[in-house]
Amino acid sequence: MMDDERFMTDSDGRIYRRYDDIKTKPIQRLNYDSREINRFIKKQEPVIIENLGLVDSATKWDLEYLHENIGNEEKSVYVSKTHKFMYYNASRCAVYPDFIPPNEQHNMTMTEFIRKYRTWKPGEHRIYFQQILTDTVGSCIYNDFRNFKWSWLNSKKERFNWGDLTSNLLLIGQPGNVTPVHYDEQQNFFAQVHGYKRVLLFDPKFFQCLYPYPFHHPCDRQSQVDFENPDYERFPLAKHLAGYEGVVGPGDVLYIPMCWWHYIESTMDSQITTSINFWYKHQSMTLSDLRFPLKWQQKLTVSRNIEKMLGEALGDPSEVGPFLNALVNGRYT
Ligand SMILES: O=C(O)C(=O)[C@H]1CC[C@@H](C(=O)O)C1
Ligand SMILES: [Zn+2]
């Protein structure tokens, strides 16, 4: 890997893709007992929390243990011809008939996933286990799940008036797998269990630099900018990207604030990467809470409502683009 100039090795020996164009500062790392943590969460800024032990009971979740205990219901596994696993909403393909899905979502048993994982050879399609933890898991897994530090999580949910926990995603990936840059409309505690992941995060205010796909597109919430081969002709403002960077390892918990752009890459030096996320609905905002000018998190919600409403008002999502161009070009530009 060392002689492949697309990759770099950091001072800790972690190996990941080199993105010289993207300016980043280190994500702040704080020990779990630091009082500073609440300040970051209140300001909705990313922070890596160390030694919290949030999901220590999942440390034993290696492939053998999961094979024995996770249950034989089929699990969700993404299969990609490349190392990228961009999420897309298949139900929106009708609006974009030329859209070519960037990967496939398969359902397979843990036995099948492990077989594929263990026999995988470079050049073959890559796989990424991404399964919501439900009550169909076996009793051992359920007990481990109950032993997560829910008191800490609940204290943050209450303190910051977050909505309900919506789901926990269990992620098992191969070294080199990449989740391209996107945002979610939920607060997220991202717990790293095995292996290392390099993360890049960008404030929601970089909306114009990351050119998200249209609301009605299958890749809604995903950026059109390919960090490995940025097209500065089509996306000139991508040159101005500036964000935060860090590597999460076993025991680390990354707070990914709602609507913050994030890119996640399993480092090449990892044997396997296992992560568990905790997605929470964002806090309910009342009109009296609103302060102007709006923050970009709020402008993002406004922009999504506009695109959604226009699709309904025009009766055809494919008219939204031409209509917005007619509204803006030569009038606001
Ligand atoms: O937790 C999130 O918000 C995500 O985007 C997850 C989807 C794929 C995961 C990864 O680690 O590659 C991260
Ligand atoms: Zn995400």
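Predicted model: local features only at pLDDT ≥ 70, side-chain atom pairs only at ≥ 80, totals over all residues.
**Close-up 1. The zinc ion (ligand 2) and its donor residues.** Three residues coordinate the zinc ion, namely His182 and His262, each through NE2, and Asp184 through OD, at 2.0 to 2.1 Å. Along the sequence these donor residues follow the spacing H-x1-D-x77-H. His182 counts as buried, because its relative accessibility is 9%, and Asp184 is buried as well, with a relative accessible area of 10%; the cut-off for this class is under 20%.

**Close-up 2. Ligand 1 and its polar contacts.** Ligand 1 is surrounded by 13 residues, of which Tyr128, Thr179, His182, Asp184 and Lys197 are the closest. In the side chain of Asp184, an N or O atom is 2.8 Å from an oxygen atom of ligand 1, while a polar side-chain atom of His262 lies 3.0 Å from an oxygen atom of ligand 1. Asn277 also takes part, with a polar side-chain atom 2.9 Å from an oxygen atom of ligand 1. On its own, ligand 1 has 330 Å² of accessible area, and the protein covers 95% of that area.

**Close-up 3. Strands and residue classes in the shell around ligand 1.** At least two shell residues come from each of strand 8 (126-132), strand 11 (178-182), strand 12 (186-194), strand 16 (261-266) and strand 17. Sorted by class, the shell consists of five nonpolar, six polar and two charged residues.

**Close-up 4. The cis peptide bond between Phe292 and Pro293.** The peptide bond that joins Phe292 and Pro293 is cis, with omega at about 0°. Pro293 is located in the loop that runs between strand 17 (273-281) and helix 7 (296-314); strand 17 is also one of the strands that supply residues to the shell around ligand 1.

Close-up 5. Asn161 is a residue other than glycine with a positive phi, near 55°, and its place is in the loop between helix 5 (150-159) and strand 9 (165-167). With a relative accessible area of 43%, Asn161 is partly exposed. Tyr211, again not a glycine, has a positive phi near 45° and is found in the loop between helix 6 (207-210) and strand 14 (242-248). Tyr211 counts as buried, at a relative accessibility of 17%.

**Close-up 6. Asn72 in its loop.** Asn72 lies in the loop between helix 2 (63-69) and strand 6 (75-80), and at 54% relative accessibility this residue counts as exposed. Leaving out residues up to four places away in sequence, Asn72 touches Thr109 and Thr111. Gln130 is 58 residues from Asn72 along the chain, and the C-alpha atoms of these two residues are separated by 15 Å.

Conventions: Residues numbered from 1 in each chain as written. Chains lettered and ligands numbered in written order. Heavy atoms only, no water. Helix = DSSP H or I, 4+ residues; strand = E, 2+ residues; numbered from the N terminus. Buried < 20%, exposed > 50% of the residue type's maximum accessible area, 1.4 Å probe, protein only. Donors = N, O, S within 2.8 Å, 3.2 Å for Na, K, Ca; no water. Near = heavy atom within 4 Å. Polar contact = N/O pair within 3.5 Å; in protein donor to acceptor, adjacent residues only side chain to side chain. Areas by Shrake-Rupley, 256 points an atom, 1.4 Å probe, with all protein chains shown as cover. Nonpolar A, V, L, I, M, F, W, Y, C, P; charged D, E, K, R; others polar. Contact = heavy atoms within 4.5 Å.
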